[in-house]
Amino acid sequence: MKRFLYASAGLALSIALVGCGKNGVEGDSATLSQADLATLDEINASIILDRNLTTAEKSALASDWRRMKTLTPNSAASTSYSGSLGTAVDNAYASLFGSKSATVIDYIKTRLKYFGSVETDFGFGRPDKNTVAVNYSIFYWVDGMLSAANPASPSPIGTPEGRNLTNDSARVGIIQFGEYFSDSTDGLFRIGTVAHEARHSDCPSGISAAQLGQIRNDTSNFFDYIGNCAFPHAKCPAGHQLAGIAACDSGDGWGAYSVEVAFFGRVYDQCSTGKIACTESEVQAALASLNDNLNRIIKKSQMMNNTLGLPVMTHQGYTH
Ligand SMILES: [Zn+2]
């Protein structure tokens, strides 16, 4: 388990972006390159960067962002797979990210609005050392609806950086990095994880007034009432090495692990056939991550034989 969507089992009714007072900006220029600082400015124009981000987090983020821009597939169909997996990967990649030759940047920018440091206390406890990133979006949004006079328009979330986040759907997009984010030396793995977290910001059918009422009456069983909103992980089935643990994907609609299958599948094909320039370690990392994520798809055989259908790309807020 390298990542978790939810850091707490129940709905946090009082959550806030609380900085620990550490300011990571001054002094970073001594260890971050000018290119890193320029990239961070570019990210910060669309995704708020937590002022507590450590130098290691910033460095990883900057290099990953630049790598994302160069992960521009050519439009040719994948040829590295037997059977129909290549078709499934290509079609899912195009649905999710816009086209077979898109980067993942727009997908991420649409769904993630705040990159939080492991050093910041979000009120959910510190992510454990094996966690890459956690997405709190659904909690912030539902909490906002429960607190609002009109659930259709919860108050914006003010951040410690003095900027406001609209909070009218799961695409409020607040993620926190875990220690493993900056400990990992595998940039593709981090990029795939951020794309995974972005999927947890999608809410295909929205949350209805009736669902919100159920949540209000029983906040400790929050997950029972949100359907596929935020694509919660499914428990891995009996016989799986993670049996009983919520580290799998039902496959219906292509959840967060399925998004990684599309990403790593397309990147592996492009890297291994020389269409994108990659290091050998990137080729191997993409293949390993593809296989790891495929094994987390409960409907893996339907995904591999292309009968699963396309990713569900609808998204809604409060429905009433
Ligand atoms: Zn997840």
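## Basis of the description

The model is predicted, and its local features need pLDDT of at least 70, while side-chain atom pairs count only at pLDDT 80 or more and totals for chains, interfaces and linings use all residues. Residues are numbered from 1 along each chain as its sequence is written. Helices (H or I, at least four residues) and strands (E, at least two) are DSSP runs, numbered from the N terminus.

## The sheet

Four strands form an open sheet in the order β1-β2-β6-β3, and the pairing is mixed; two strands pair if DSSP finds at least two bridges between them. Because β1 (48-49) and β3 (133-135) each have a single partner strand, they stand at the edges, and one side of each is left without a neighbour in the sheet. In general, strands of a sheet pair through backbone hydrogen bonds, either parallel or antiparallel.

Strand β2 (residues 114-116) runs parallel to strand β6 (residues 174-177), to which three bridges join it. Tyr-114 has Ile-174 as its bridge partner in β6, and Gly-116 has Gln-176. The pairing of β3 with β6 is antiparallel and also extends over three bridges, with Val-134 bridged to Gln-176 of β6.

Helix α9 (residues 256-272) and helix α3 (residues 85-97) have axes that come within 8 Å and cross at roughly 115°; axes are lines fitted to C-alpha atoms, for helices over the stretch in contact, and angles run from 0 to 180 degrees between N-to-C directions. The two helices, α3 and α9, are therefore roughly perpendicular to each other, where angles under 35 degrees count as roughly parallel, over 145 as roughly antiparallel, 65 to 115 as roughly perpendicular and the rest as oblique. The crossing of α3 past α9 is left-handed, a term used if the near helix is turned anticlockwise from the far one by less than a right angle, with right-handed used if clockwise. On the α3 side the contact is made by Gly-86, Val-89, Asp-90, Ala-92, Tyr-93 and Leu-96, and on the α9 side by Val-259, Val-261, Ala-262, Gly-265, Arg-266 and Asp-269; two residues are in contact if their C-beta atoms, placed from the backbone, lie within 7 Å. This contact of α3 with α9 has seven nonpolar, two polar and three charged residues, with Ala, Val, Leu, Ile, Met, Phe, Trp, Tyr, Cys and Pro counted as nonpolar, Asp, Glu, Lys and Arg as charged, and the others, Gly among them, as polar.

The axes of helix α7 (residues 187-199) and α9 also come within 8 Å, crossing at roughly 140°, and α7 and α9 are therefore oblique to each other. Here α7 passes α9 in a right-handed crossing. From α7, Leu-188, Gly-192, Ala-195, His-196 and Arg-199 meet a set of α9 residues that includes Ala-256, Tyr-257, Phe-263 and Phe-264. The contact of α7 with α9 divides into eight nonpolar, two polar and two charged residues.

## Helix α9 and α10

Helix α10 (residues 280-294) and α9 have axes that come within 8 Å and cross at roughly 150°, and α9 and α10 are therefore roughly antiparallel to each other. Among the residues making the contact are Tyr-257, Phe-264, Tyr-268 and Cys-271 of α9, together with Val-283, Ala-286, Leu-287 and Leu-290 of α10. By class, the contact of α9 with α10 has eleven nonpolar, four polar and two charged residues.

## Loop residues

In the loop between α8 (209-217) and α9 lies Ala-230, which has a positive phi of about 70° although it is not a glycine. Ala-230 is buried, with 26 other C-beta atoms within 10 Å. Phe-231 is placed in the loop between α8 and α9, and its phi is near 45°, a positive value in a residue other than glycine; Phe-231 is buried, with 29 other C-beta atoms within 10 Å.

Glu-119 is found in the loop between β2 and β3 and is partly exposed, with 19 other C-beta atoms within 10 Å. Glu-119 and Thr-54 are 65 residues apart in sequence and 7.8 Å apart in space, C-alpha to C-alpha.

How values were computed:
A residue is buried if 20 or more other C-beta atoms lie within 10 Å of its own, exposed if 12 or fewer, and partly exposed in between; C-beta atoms are placed from the backbone.
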